Amino acid sequence: MARQPVPNRMRRNFARPQPQRTARETVLIVCEGEKTEPNYLASLVHDLGLTGADVRIFGKECGSDPKSVVKHALDANRIKYPYDYVFCVIDTDSHANLQDAKNAVPNPPKRGTKEFSLVISTPCFEYWYILHFGAYDRPFAPKKGDSVCDCCIKELAPLIREHCPELGDYRKSSLSLYASLKSRTSDAIRNATRRSDQCAIDGSHNPSTQVHLLVQRLRTIAAEAVA
């Protein structure tokens with residue numbers, strides 16, 4: 001007697017279940033810098049296995065003024081959909097309207113958004129790089145025609161040459177900086193956290209950075225998606 005074919009609806013019961021992608025929290029990152037911050041953060045996001053669907057990064061589109069960065073973040077979060085987390089990455093440097101940017105941050109954030117934060121570095125994002133090499137806490141100040149950010153970069157440059165010779169001289173537009181610093185990221189997080197704790201005690205934020213909070217949030221999102 002010939003075997004009867006198994007109906008499709010029954011065959012489906014024996015099919016191997018396909019793994020389901022855990023829905024990840026979404027992140028919007030708007031940067032003051034055109035290349036430095038976006039290049040580093042895009043490399044970090046890629047390394048963590050996150051995608052453009054998880055994390056959207058803006059740079060040159062929003063201008064370098066802190067208030068315009070916040071406005072761009074507000075507009076982007078309203079036009080598409082509310083992201084779970086919104087971060088505005090800015091430097092204090094010599095911006096006169098930093099307080100205006102702080103005042104423009106919605107509190108509480110838009111419904112559907114868990115956090116809308118400024119990620120501030122004093123004097124600039126390069127201080128985050130310096131913390132990969134040690135607990136640097138000496139204040140920066142402009143001198144001999146150099147801006148305060150120029151002085152920070154001059155502290156960073158020899159560290160890059162010594163510890164990351166494959167990079168050569170430090171370039172703000174480098175696409176491989178994250179890869180060279182990756183093994184030191186946990187050190188940078190510890191140094192940034194200790195510096196933040198000290199700032200809370202003595203009231204001085206020169207130097208300091210909150211980039212470690214953004215890095216930790218991205219790491220957490222990536223880890224929860226594969227748990």
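Buried here means under 20% relative accessible area, exposed means over 50%, and partly exposed is in between, with a 1.4 Å probe and protein chains only. C199 counts as buried too, at 2% relative accessibility.

Before going on, a word on the source. This is a predicted model, so local features need pLDDT of at least 70 and side-chain atom pairs count only at pLDDT 80 or more, while totals for chains, interfaces and linings use all residues. Residues are numbered from 1 along each chain as its sequence is written, and side-chain values use heavy atoms, with hydrogens and water left out.

Now the strands. Helices (H or I, at least four residues) and strands (E, at least two) are DSSP runs, numbered from the N terminus. Which residues sit on each side of β3? On one side are Y85, F87, V89 and D91, on the other V86, C88 and I90, and all are buried.

β3 has a parallel pairing with strand β1, residues 27-31, over 5 bridges; two strands pair if DSSP finds at least two bridges between them. Within that pairing, I29 has F87 of β3 as its bridge partner.

Next, one serine. S180 lies in helix α7, residues 177-181, and counts as buried at 15% relative accessibility. Its side chain makes a polar contact with the side chain of E166 at 2.7 Å. A polar contact is a pair of N or O atoms within 3.5 Å; within protein, one must be able to donate a hydrogen and the other to accept it, and residues adjacent in sequence count only if both atoms are side-chain atoms. Leaving aside residues up to four places away in sequence, S180 touches C164, E166 and L167, where contact means heavy atoms within 4.5 Å.

Last, confidence. pLDDT is the predictor's confidence in each residue, from 0 to 100. The protein averages 90, and 89% of the residues score at least 70. Over residues 9-21 pLDDT stays under 50, and the model has 3 contacts beyond four places in sequence for them.
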